[in-house]
Amino acid sequence: MALLNNFFIFLVFYSLLTVLPLYVIDELHGTEGQAGLATTVFLISAIIVRPFSGKIIEHLGKKKTLIISVLLFGISSFIYFWVNDFYLLMGLRFFHGIWFSIGSTVLVAIAADMIPHQRKGEGLGYFAMSMNLAVVVGPFLSLALIRWIPYTSLFMGLAWVIVLGLLCSFGIQVTEDEGMDEGVSRRLALKDLMEVKAIPIALVGFLTSFGYSGIMSFISVYAKSVGLFESVSLFFVVFAAAMLLSRPYTGRLFDRSGPNTVIYPSLLIFAIGLILLSITHSVLLLLVAGTLIGLGYGALLPSFQTMSIQVAPKRRTGHATATFFIFYDLGIAVGSFVLGVVSSQFGFSALYLICSGVILVTIVVYHLVTKRVKHVEHQNAGVLEL
C-alpha cells in the first residue's frame, strides 16, 4: 500500500514536472526561464516545509499525517483545471509543493520502519522502484496524451490518480502512531528541524539532484529543439527500464559490499550519460544516453536515502528523511532555475555538459564526505573503548 501510494504521488509529480514547462511556453506564452520556475516554485515550498515534517509527524503520527497530506495534495491537483494565468499557476505550485513535501517524507519513513536494518539498502531500493516506475509512466503518458487532449483534461485525469493514492493511505498499517505525541516538546530546536548526522550525505544528494534537474525540467523541451520530441517518451522507457533491471542487484550489493561499490560507478556512468545527451542528435544516441543515466542515477537516490537513514536513530527516520529531501529538493529547485538561465543563454548542449561536470565534482565531494565520516566514527570508537 505504501509503495502504491508513493507511485501515484510521484506519477503526478513527474507528469506535471514534464508537461508544465511545455504548458507555460505553449499555452501561457512564457519564457524558458518561467518554464523553469514552474519546478522551482514547487520545490521552494517543499524545501521550506521539509524541516518541519519530522515535527509534524511526531505530533500527528505517521498515519494521520499521510492521510491529510495526500488529501490536500489531491485537492491541489484538481485546481490545475481552472488555472490559466502564470502567476496563479505559481501560487498553486507553491501550495501543491507543501503537501508533496510532507506526503513523500512520511511515506519513506513508514517504509523504512517496515524494513529490517540489515536489508535497508535492498528494501528501500525496492520501495524506490515506485518512483522509478512513475518516472517513465508519468512522462510517457502525459507527453503522449497532450498530442490528443487539452492540457486541462490531462490535469483532471492526474487529479483522479491521487484519489487512488488516498484510498491506499487507509490500507497502510502503522503501529508507531500510538501515543506518539506524548512527551513531544512544543518548542522548536535544531534537532526538531533536521537530523544533523544526515547533513553530509544530504549535501551529496544536493549535487546529484542539481545534475538530475536538467533531465527533469528540460528533457522534453531539449528533445523538441533537436527534432526528437516524438522519441522523448522512449527516453523515459529505457531510462526506467535500466533502473528497474539494475535495482535488485544494486540494492543487494549495497548491503553486502557497502555503498562505495555502488555509488562511485553510478556517479561515473551518470556523468557519461549526460555528456552523451549533450551531443545527441539521433534517436539511438538519445536512447543510449537514457540507458546510462538510468543505470547511474537510478542507484544513487535509494543509496543516499539509505545512508541518511542508517546514520540516525530509528525513532528519527522521519527527521533523517526530511533532512535528505531538504537538500535533494533544493538541488532540483536551484538547478531548474540556474539551468533554465543557462539554456536560454548558451543552449541545451551547454546545460547538459554543466550537469555532467557537477556530477564529476560530486564524486570528489562524496569521497571527502565519507572519508570524514569514517574518521569521526573511528575517533568515537576510540573514545568508547577508553
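Colleague: Is Cys 355 buried or exposed?

Modeller: The model we are looking at is a predicted one, in which local features need pLDDT of at least 70 and side-chain atom pairs count only at pLDDT 80 or more, while totals for chains, interfaces and linings use all residues. Residues are numbered from 1 along each chain as its sequence is written, and side-chain values use heavy atoms, with hydrogens and water left out. Relative accessible area is read with a 1.4 Å probe on protein chains only, and a residue counts as buried under 20%, as exposed over 50% and as partly exposed in between. Cys 355 has a relative accessible area of 0%, and therefore Cys 355 is buried.

Colleague: How many disulfides are found in the whole structure?

Modeller: Cys 168 is a buried cysteine, with a relative accessible area of 9%. A disulfide is taken here as a pair of cysteine sulfur atoms within 2.5 Å, and for the whole structure the number of disulfides found by the search is zero.

Colleague: How are H9 and H10 oriented to each other?

Modeller: Helices, like strands, are DSSP runs numbered from the N terminus, where a helix (H or I) has at least four residues and a strand (E) at least two. The axes of H9, residues 232-257, and H10, residues 260-278, come within 10 Å and cross at roughly 165°, where axes are lines fitted to C-alpha atoms, for helices over the stretch in contact, and angles run from 0 to 180 degrees between N-to-C directions. Angles under 35 degrees count as roughly parallel, over 145 as roughly antiparallel, 65 to 115 as roughly perpendicular and the rest as oblique. H9 and H10 are therefore roughly antiparallel.

Colleague: Which residues of H10 make the contact with H9?

Modeller: Contact means heavy atoms within 4.5 Å, and on the side of H9 the residues that make it are Phe 235, Thr 250, Leu 253, Phe 254 and Ser 257. On the side of H10 they are Thr 261, Val 262 and Leu 277.

Colleague: Which residues does Thr 250 contact, leaving aside its neighbours within four places in sequence?

Modeller: Thr 250 is found in helix H9, and Thr 250 is buried, with a relative accessible area of 18%. With those neighbours left aside, Thr 250 is in contact with Val 262 and Ala 299.

Colleague: How are H9 and H11 oriented to each other?

Modeller: The axes of H9 and helix H11, residues 283-310, come within 7 Å and cross at roughly 40°. Because of this angle, the orientation of H9 and H11 to each other is oblique.

Colleague: How far apart in space are Ala 241 and His 367, C-alpha to C-alpha?

Modeller: Ala 241 is found in helix H9 and is partly exposed, with a relative accessible area of 31%. Along the sequence, Ala 241 and His 367 are 126 residues apart, while in space their C-alpha to C-alpha distance is 29 Å.

Colleague: At what angle do H8 and H12 pack?

Modeller: Helix H8 covers residues 199-225 and helix H12 covers residues 317-346, and their axes are 6 Å apart. H8 and H12 are oblique to each other, and the angle at which they pack is about 40°.

Colleague: Is Ser 213 buried or exposed?

Modeller: Ser 213 lies in helix H8, and, leaving aside its neighbours within four places in sequence, Ser 213 is in contact with residues including Gly 331, Gly 335 and Leu 339. Its relative accessible area is 0%, and therefore Ser 213 is buried.
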